[in-house]
Each structure stands twice: as structure tokens, then as C-alpha cells.
Amino acid sequence: PMLELEAGATQTIPVAISHWSDRTAEALTLRWRMDWIDGWGQTQEGTWQTRPAKWAPFAVTPQDPILCAAPEQPGVGALLVEVVDGDAVLARNYLNLTVQAPLPRREVVDDKRIALRFEPTDVAAWQWKASPTPMTTASKVAAHGSGFAEYRLALPEGIAADALQSIEVIAELSAKAKEEKLDWPARRTPFDYPQTDSKKFPTDVRLSLNGVEAWRQTLADDPADARGALSHARQQDPGSYGWLVRATVAGTVLQQALAAGKDGQLVIRFEVPENAEHRGGLAIFGRGLGRYAVDPTCVLTFRQPHGLGTEMTSQEPVAVDRLTDRIRAVVPTAEQAPHRWRFTTDKPADGWARPAFDDSGWKSGSGGFGTRETPNAIVGTRWRTHDIWLRTTFDLADAKAVVAAALRVHHDEDAEIYLNGEPIAKRPGFVDHYVDVALDATALAALQNGTNVLAVHCHQTDGGQNIDVGLSLTLSPPK
């Protein structure tokens, strides 16, 4: 559904016209243009190009290919193609395009502007009642209900805050629904993502800088359709996208925010207040997903030339105190490294998920477990029976230091997951890719100092099959 181009390269696009009608044409013409959204979210509409076309009734007729020149900078767009006869459009088609080259994390844009870019997953603080662990996919974090996501950006050395004229925050944002947009919630499957329809799910979002409110807006929905081309192409929350928000902070509000700052940092918080009318959650997109191929960006504009040279441009992260730096994969999936499990395909005795259970008679194998023809499965050990039971251990020095936890799972089909004998997740049906599952406070309470046991049961009916489970823990910041 999407062609990934190399920056600045020319791609040859084959074209054919399928003509299965009695339509005739006096001046059959092929015309095309490429529209583009760059890494700043700016739309660039292309210029139509034309040439004579050819067709034959009841046949598919190849045309001369279209040469598509990719932009030098990252972005997302579409090649629009039409067959026309004079002023009459006979047929249209399009091909989604993207250039995914990275943009600098810190960029000297010109003599008065500096851009600071960060990933959605660079959160320093994450507090959501309904989503205690950041729900992340590639280039997206999302949470349901009310709460906030906070980012702390390191300002470049040598910047005088009182020299700033404005700060603009650019981000692709949307609401985040759970069952609210499902037509058949009783039949929910793990990979559901309702496409845009008459059901709307708004949310009230507030932006603050250094604790000072700078912007607020109601986002109308948690949309998903063909406009979320990047999400469709990555098969992550298919079709999901947001609105491109541009919040400019200047004048008195900027002065208050700068006065409240400290330690050379800029603290950006996206929040759905607990007392908001619409507590519809929040999704924050990066350039890999959504509609715009834009990472969250903070643009600093100075009254006078800042005097910083282009050598300040860098790929080094500008976000500090990141939760991701405190995440430990205590049980990796096969995506990261082979991990050894004890397993059996014979139904074990009661209490098989508890730490005291003796699994010395079980076999040993590397995850995942399944058949290689299963979509996106990484198979370390072959499994072809209807049921499998798994156990593995990990050590933890201080269970109270864990502030969040998440599973990463590929299951085909039904999976039940236990921590130290306590059920922490039940996953009916199947998925065709790895998914992240946030764990709640009940699951965290099951952690203990010393040795912990992660146990899994997976049941299979027919078709492909696979089970692979990983566990990541987020630790509290060092004192």
C-alpha cells in the first residue's frame, strides 16, 4: 500500500490501463502529479504532467512508466494518476509514498531558529489512570482517559532564554478510544481499530511549558481511515492518525514559562485534565505512523540572530530523563534475543504457574514456540499440538522500584499469562504481529524480590500457531 523511496532518488513506477467497457475517447491522456507533506507538516502540491495514453477494449494496456523523483527530505505523500478524455476524468488511482530518512534531533534551521525534535516514546513522566504503562508502538504513544505525558528537552548551551521571541510546538495528536467506537464490543479482537464513521470520540488536550498553560484544544476524534497511510503501511493501529497541532507561545505567557524553567531544560506536557468535559485520552504520533510523518518538534525563534553555527545540528537525543532509559527487558521476546523456557505439551498439575511448582521434568526450548508459516512469527522451537504451557524465571533486586510494566506478545491463538501464579493478562483470539500490553497495579503487586516466575498457557485450534511473550519493567529514577 506504500512505496518507500530513497531520499533524492528517482523511482520508476509502472502504469497500465485496464479497459473493460464500451467507452471510446477522442483525446485519451494520462496525467499525474506528486503531492507531498514534508517533515515540518507543510503540504506541497505538485504540478500536473501529461502525455498521450493508449488503450484497447477488453484488455490491459501497459503505458510508459512514470519517473517519480523523491524529495531530499523525509515526508509522506502520494502519486496521483488520472486517465482523461479532454475535460472528462475517466479513471483515477494513487500510490502512497514515503521517505523515512531521519531528521536531526537538534537543527539550526536559520540564523534565528533552532528546532528540537523528539520521539513520542521519549516521555520523562507518564501518569494516566487508565493506562499506567506507556502503550507504545513504533512512533506512537497512547493512553485512555485523563492524565499527562511529559517531555524534558535539554536546551543547547549558550542560549539566553530572555532572547527568545517565541516557541512553537508541532505535533500530530488525536484522542484514544478503547471500546467506545466498537460496533460489536463483545466480539473484540486484539487487532481491532475501528475506522472513521459516525461515532466520534473527542478529547480536551492542554499543553503547558514549564508548568505554564500555553494552549488548549478539543480534538474531535480518534480517527482511522485511508488518510492514516503510514499506520496502514506499518500495520500498527491500521489507519490511525491525528491532527497536526501548531501551538505558538509568545508574549506574557512565554515570559512566565521561561521564568518558571530551570536547569537548562524545557518541560513540555500534553495533558487531558481530570476535570475536562471530554476525557478521551491522547495519542501522540511520530514520523513513522499516522498521517504527517512529523516527529514532535519544538521550534525556538530568537529576536536577534542566535549566533550558533550549523555544527550545532546533531542527531544526539535532546530529550532527557527518558522512561525508556529506565526500562529493563527482564524476559526478552525472540525479536531481541533467544530466551530459554521450560515447556510441556501435556496438561500439567494444578498450581503449574506458581513459583514452587517443580518443572524440572519439562523440556527446554527457545521462544517463540510455533510453526514457521505463521505470519510474522519468530520460531525458536517447533510446536504443533493444541496446547502448550511455558515457564521462565527472572531475578529482581527491588520489586518496589518498579513503577510500570508491559508485556510484548505474539499469540496464535488464546493466551493466558501469569506472574508468580497470579493471572496478569488474558488474550483471546490471535494477532498477526507483536503487540504491547500494559500491566496494571495488580500485576505490579505480584512482583517479588529475588526470583520471579512468568508462566504462559496457549491454546490452538487450527491454522498457524505461535506463542512468544516478553516482559519489560520500568524502574523509578535514581535518587
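Strands (E, at least two residues) and helices (H or I, at least four) are DSSP runs, numbered from the N terminus. The model shown in these views is predicted: local features need pLDDT of at least 70, side-chain atom pairs count only at pLDDT 80 or more, and totals for chains, interfaces and linings use all residues. Residues are numbered from 1 along each chain as its sequence is written, and side-chain values use heavy atoms, with hydrogens and water left out.

**View A. Two cis peptide bonds in loops.**
Gly 368 lies in the loop between strand E27 (363-366) and E28, and the peptide bond that reaches it from Gly 367 is cis, with omega near -5°. Another cis peptide bond joins Asp 412 to Glu 413, where omega is about 15°. Look for Glu 413 in the loop between strand E31 (402-412) and strand E32 (414-419).

**View B. Two residues with positive phi.**
Asp 321 is not a glycine, although its phi is positive, at about 55°. Asp 321 belongs to the loop between strand E24 (319-320) and strand E25 (327-331). Asn 420, in the loop between E32 and strand E33 (422-427), also has a positive phi, near 50°. As for accessibility, buried means under 20% relative accessible area, exposed over 50%, and partly exposed in between (1.4 Å probe, protein chains only). Asp 321 is partly exposed, with a relative accessible area of 39%, while Asn 420 counts as buried at 8%.

**View C. The largest nonpolar core.**
A nonpolar core is a set of buried Ala, Val, Leu, Ile, Met, Phe, Trp, Tyr and Cys residues joined through side-chain atoms within 4.5 Å. The largest one here has 40 residues, and Tyr 151, Leu 153, Ile 167, Leu 173, Ile 268 and Phe 270 have the most contacts inside it. Strand E17 (residues 164-174) supplies the largest share of this core, five residues. Contact means heavy atoms within 4.5 Å. With neighbours within four places in sequence left aside, the contacts of Ile 167 include Leu 209, Val 249, Leu 258 and Val 299. A second, separate core of 33 residues includes Val 331, Ala 415, Val 437 and Leu 439.

**View D. Aromatic pairs.**
Rings of Phe, Tyr and Trp (its six-membered ring) pair if their centres lie within 6.5 Å; planes under 30 degrees apart count as stacked, over 60 as edge-to-face and the rest as tilted. A search of the whole structure finds seven such pairs. In one of them, the rings of Trp 20 and Phe 58 have centres 5.9 Å apart and planes at 75°, so the pair is edge-to-face. Trp 20 lies in the loop between strand E3 (16-19) and strand E4 (28-38), and Phe 58 in the loop between strand E6 (49-52) and strand E7 (59-62), so this pair ties together parts that are 38 residues apart in sequence. Both Trp 20 and Phe 58 are exposed. Phe 343 and Phe 369 form a tilted pair, 5.3 Å centre to centre with 55° between the planes. Phe 343 is buried, with a relative accessible area of 10%, and Phe 369 is buried at 1%. Elsewhere, Phe 118, Tyr 151 and Phe 270 form one aromatic cluster.

**View E. Charges over rings.**
A charge sits over a ring if NZ of Lys or CZ of Arg is within 6 Å of the ring centre and within 35 degrees of the ring normal. The charged end of Arg 117 sits over the ring of Trp 40, 4.7 Å from its centre. Arg 269 has its charged end over the ring of Phe 148, 3.5 Å from the centre.

**View F. Salt bridges.**
A salt bridge is a side-chain nitrogen of Lys or Arg within 4 Å of a carboxyl oxygen of Asp or Glu. The structure holds 29 of them. One joins Arg 33 and Asp 35 (2.8 Å, N to O), and both of these residues are buried. Glu 274 and Lys 129 form another, with their closest N and O atoms 2.5 Å apart. This pair links distant parts of the chain, 145 residues apart. Glu 274 is exposed, with a relative accessible area of 53%, and Lys 129 is exposed at 66%. Arg 105, Glu 119, Arg 287 and Asp 295 are linked in a network of salt bridges.
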